[in-house]
Amino acid sequence: MQGNVWPGYVLHSHAYKEQQLLLQLLLPELGRVSAVVRKSSGKTKSRLSWQPFQLLQLQLTGRSELKTVSFAEEAEPALPLQGELLFAGLYLNELICRLWPGQTNSEQLFGLYHHTLQLLPVQALEPCLRQFEFALLAELGSPLDWQQDASGAELKPGQYYQWWPELGWQQAHSGWLGADLLAIGQADWQAQSLKAAKSLSRALLAPLLGSKPLTSRTLFQQLKDNG
């Protein structure tokens with residue numbers, strides 16, 4: 001890492017010590033990295049606001065898990081996310097901060113996040129979020145099979161299934177309908193498949209997130225209630 005310049009995003013930042021910020025960064029290959037930066041010193045551009053959704057060029061130093069940002073500059077303008085798109089972006093950031101272990105390499109996570117950010121302003125929101133959630137679960141080691149059940153048989157449109165970690169889909173009397181699972185796998189986003197995808201992703205993410213509510217989800221619900 002020493003001397004390399006990496007593209008990266010700020011997922012979260014907060015005051016750390018006098019004139020310092022503690023950042024949660026997302027970098028290609030390296031995954032989520034914690035780093036400190038002085039608000040204005042050295043080669044770091046003091047005009048940077050360290051806002052989310054802006055692609056940066058970063059140089060990090062340090063041998064411990066907590067790195068130091070020694071150089072940073074804008075690579076692209078920040079995405080002007082507003083309203084529900086802003087909260088959707090914050091939701092992506094919060095999911096990664098809560099679920100992805102620090103200092104854990106990933107070949108796909110940075111590209112997945114970057115691609116999803118670019119889609120937010122131009123694609124329907126719900127499919128965009130569901131695709132990210134399922135892709136993140138796959139990166140975390142829990143990919144879903146949208147074609148076959150645990151026995152290797154093709155999913156039946158009229159059959160209900162339950163998901164068993166480490167095993168796969170098992171036939172059941174209730175759960176998720178095969179037709180909806182097949183539609184999700186084909187990105188055939190209709191009202192019913194979107195409803196099924198949302199309930200499925202929440203069920204799979206819940207044990208990973210624990211009992212602490214997602215701040216972004218709470219804020220988004222308040223926005224809807226006030227709107």
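**Chatting through a predicted model**

Colleague: Let's start with Trp50: buried or exposed?

Modeller: Trp50 is buried, with a relative accessible area of 5%. Buried means under 20% relative accessible area, exposed means over 50%, and partly exposed is in between, using a 1.4 Å probe and protein chains only. This is a predicted model, where local features need pLDDT of at least 70 and side-chain atom pairs count only at pLDDT 80 or more, while totals for chains, interfaces and linings use all residues. Residues are numbered from 1 along each chain as its sequence is written, and side-chain values use heavy atoms, with hydrogens and water left out.

Colleague: Where does Trp50 sit?

Modeller: In the loop between E3 and strand E4 (56-61). Strands (E, at least two residues) and helices (H or I, at least four) are DSSP runs numbered from the N terminus. Trp50 also has a positive phi of about 55°, although it is not a glycine.

Colleague: And what's the phi of Glu29?

Modeller: Positive as well, about 70°, and Glu29 is not a glycine either. You'll find Glu29 in the loop between strand E2 (20-27) and strand E3 (31-38). Glu29 counts as partly exposed, with 43% relative accessibility.

Colleague: OK, zooming out. How many helices and strands are there?

Modeller: The protein has 6 helices and 8 strands. From the N terminus, they run β-β-β-β-β-α-α-α-β-β-β-α-α-α.

Colleague: What are the dimensions of the C-alpha trace?

Modeller: Along its principal axes, the C-alpha trace spans about 65 × 40 × 30 Å. Of the 227 residues, 41% count as buried.

Colleague: What about the accessible surface?

Modeller: About 12,100 Å², and 50% of that belongs to carbon and sulfur atoms. Those areas come from the Shrake-Rupley method with a 1.4 Å probe, and for residues only the protein chains shown count as cover.

Colleague: New topic: how many disulfides does the structure hold?

Modeller: The answer is 0. A disulfide is a pair of cysteine sulfur atoms within 2.5 Å.

Colleague: How many bridges join E6 and E7?

Modeller: Strand E6 (residues 160-164) and E7 pair over 5 bridges, in the antiparallel sense. Take Tyr161: its bridge partner in E7 is Gln171.

Colleague: What does Gln171 touch?

Modeller: Leaving out residues up to four places away in sequence, Gln171 touches Asp149, Lys156, Gln159, Tyr160 and Tyr161. Contact here means heavy atoms within 4.5 Å. The C-alpha atoms of Gln171 and Tyr160 are separated by 6.0 Å, and these residues are 11 apart along the chain.

Colleague: Is Gln171 buried, exposed or partly exposed?

Modeller: Gln171 is partly exposed, with a relative accessible area of 44%.

Technical notes
Pairing = 2+ DSSP bridges.
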